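Hello, and thanks for looking at this one with me. Could you read the points below with the model open beside you?

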Amino acid sequence: MSAKNWRLLLVAVPVALILLYFAVYENSLFFKHLNMEPFTTRPELVTKLVFSMALHNVMLLLLAGLLGFSMFKYYRVRQGQRLAQEEIIREIQMKEFVTSVLNSTPLAIMTADNHMKISFVNRAWESLVGYTGNEVEGKDLSELLGLLQAKMMETGTTERNPGFPVPGKQLNITGKNGQLIHVTLDTTPLMRGDTREGTIIYVMDISAEVKYDNLKQTAATILEQMLGGVIAVDASGKVTMFNRSAEQITGIEASHAIGRSLTDLFPKVAPEKLVPLQALQKGAPVGPVEEQWNFQGKNYILLTSADVLREKNGRISGAVTVFHDITQLRHQQDLDHNREKLAVVGQMAAGMAHELRNPLTSVKGFAQLLGERLADEKNKEYLNIIIREIDRTNEIIRDFLLLARPRSPRGELVDLNQLLNDLLPLIESQCLLTEVDLVRCQDPALPVIPGEPDQLKQVLLNLIHNALQAMEGREKKTLTLATHYLPDSGEIKVVVRDTGTGMSPEVLKRLGTPFFTTKDAGTGLGLTVSYRIIENHGGRVEVESHAGAGSEFRLYLPVPPSGQKH
């Protein structure tokens with residue numbers, strides 16, 4: 001019982017006791033007076049006195065009852081007021097507690113009543129947006145969004161009449177300091193029992209996520225536009241990224257590669273030879289290294305390097321490899337190197353040709369003259385050997401002069417299919433003598449090109465002669481001659497393939513070097529001259545050979561835009 005209730009009892013009890021005392025005292029006087037003389041001799045006085053006392057006692061009882069009822073009502077009113085005050089205090093305390101909790105949460109929160117007027121914003125909301133609760137509370141939600149210059153992220157249009165916020169809606173808003181903020185809205189009803197009193201609106205700052213997504217998109221765009229191939233794998237070796245250049249070089253689509261193991265994509269390559277897996281195993285960068293690859297029947301020289309990917313805590317999460325197609329670069333370097341060698345040979349040829357030809361002509365002339373005058377057959381045979389060797393020397397000098405004075409094609413249109421057909425009787429006879437199977441695959445839609453037929457015949461005969469010699473002593477002898485038109489690159493490809501002994505990488509590197517030969521009786525100028533002829537026609541030569549598996553020479557000759565097809 002409260003102190004106020006005790007004070008009320010302290011007042012009510014004495015009053016009731018005083019009234020009771022007066023009632024008892026008056027009753028005692030009444031009975032005392034009844035025994036006195038006047039009342040005993042005069043009965044009418046007794047009747048009056050009894051009536052007066054009864055009335056007096058009734059009045060006292062009514063007064064006591066009224067006092068008790070008043071005191072009871074006063075007590076109930078005071079108790080109701082006390083309970084109401086305690087309820088208000090509890091409500092205030094609960095509101096303060098809820099407000100404290102909402103202000104302590106890092107999530108920006110605001111509430112709106114059923115008319116979508118802002119009733120509360122927490123400190124996280126104030127910190128995010130920059131406006132205080134006093135500046136925004138009482139405003140309509142649409143008015144607030146207008147103040148924040150809210151625009152939908154998907155369309156960039158202004159959110160003028162949002163109505164009830166759509167959960168998950170992403171908006172761009174502008175803070176009080178003018179900074180652009182990316183947010184997403186979510187809502188939940190604000191209920192008191194079964195009665196809805198408004199809406200709680202959660203404002204989540206997704207600026208970091210948007211920046212991260214933009215960064216990922218930028219990185220993906222950069223990777224897609226890179227000229228080099230890029231492949232990323234996770235810690236288990238499964239492909240997580242495969243850019244456009246990687247698709248073009250390998251011929252494998254990204255959709256087919258992503259999610260698959262690197263060893264599944266390249267089953268013919270030992271795992272320890274795959275550079276990304278080497279980086280994962282070592283936990284360190286690998287390369288750059290030059291590698292020979294064959295994709296879709298085409299040989300590539302790739303400059304490859306790899307490095308590991310690490311998480312923030314330093315744990316290895318995968319590896320990324322970057323590779324560049326340097327096939328043409330290496331080919332161009334080889335051509336440049338050959339040009340330098342040919343230039344040296346050309347300078348030698350220019351300086352020696354005239355000095356050698358004149359005395360050789362004299363020697364040959366006198367040898368022929370002596371041959372006519374001598375009757376001894378043995379001496380004539382010696383002279384014939386001298387003349388043949390002089391002719392051979394002149395051929396070498398002629399090749400020197402061709403290297404020294406390269407000529408451009410004269411513009412005569414050449415049909416390479418017809419050129420091969422012209423050489424066919426000679427080729428077939430040689431194949432027949434050496435027991436070689438001849439396989440021909442000629443493209444009927446081959447365009448004509450400008451060139452010098454004799455020089456191109458010289459190249460083809462030289463390659464075919466080398467192929468036949470390479471197959472001597474082999475069980476399987478097959479010579480393949482093929483022509484193809486490559487419209488994408490605007491070139492004609494001529495293939496001379498054999499099943500001979502092949503060449504080692506060391507020999508391949510020295511092909512085309514003047515005077516380099518693997519034959520006992522070769523001059524070492526055949527391929528050098530052939531390379532120069534193809535180069536003078538604007539083409540190039542590619543060679544693929546493996547020791548014990550044969551060789552393939554591919555001649556690429558450009559087709560002019562006006563090239564005609566036969």
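Predicted model: local features only at pLDDT ≥ 70, side-chain atom pairs only at ≥ 80, totals over all residues.

1. Residues are numbered from 1 along each chain as its sequence is written, and side-chain values use heavy atoms, with hydrogens and water left out.

2. Let us begin with the cavities. The structure holds six of 30 Å³ or more. Here a cavity is a set of points, on a 1 Å grid over the protein atoms alone, where a 1.4 Å probe fits but cannot get out, and lining residues have an atom within 4 Å of a point. A volume is the space filled by probe spheres set on the points.

3. The largest cavity has a volume of about 150 Å³. Its lining has 14 residues, and Ile-231, Phe-266, Trp-293, Thr-321 and Phe-323 lie nearest its centre. Two or more lining residues come from each of α11 (275-282), β9 (286-295), β10 (298-310) and β11 (316-325); helices (H or I, at least four residues) and strands (E, at least two) are DSSP runs numbered from the N terminus. The largest share, three residues, comes from β9.

4. How does the second largest cavity divide by class? Its lining has 10 nonpolar residues, no polar and no charged, whereas the lining of the largest cavity has 10 nonpolar, three polar and one charged. (Ala, Val, Leu, Ile, Met, Phe, Trp, Tyr, Cys and Pro count as nonpolar, Asp, Glu, Lys and Arg as charged, and the others, Gly among them, as polar.) The second largest cavity holds about 50 Å³ of space, and α4 (123-129), β4 (169-174) and β5 (180-192) each supply at least two of its lining residues. Among these lining residues are Met-110, Trp-125 and Leu-148.

5. Now the helix pair. Helices α14 (residues 416-434) and α15 (residues 453-470) pack at an angle of about 30°, with axes 11 Å apart. That makes α14 roughly parallel to α15, a term for angles under 35 degrees. The contact (heavy atoms within 4.5 Å) includes Leu-416, Leu-423 and Thr-434 of α14 and Pro-453, Leu-460 and Leu-468 of α15. By class, the contact residues are 13 nonpolar, two polar and two charged.

6. Finally, Lys-493 sits in strand β16 (residues 491-497). Its C-alpha atom is 5.5 Å from that of Leu-555, 62 residues apart along the chain. Beyond its neighbours within four places in sequence, Lys-493 contacts Ala-482, Thr-483, His-484, Leu-486, Arg-554, Leu-555 and Tyr-556.

Definitions and conventions:
Axes fitted to C-alpha atoms, helices over the stretch in contact; angles between N-to-C directions. Parallel < 35°, antiparallel > 145°, perpendicular 65-115°, else oblique. 1 Å grid on protein atoms, 1.4 Å probe; cavity = no way out; pocket = protein on both sides within 12 Å on 5 of 7 lines; lining within 4 Å.
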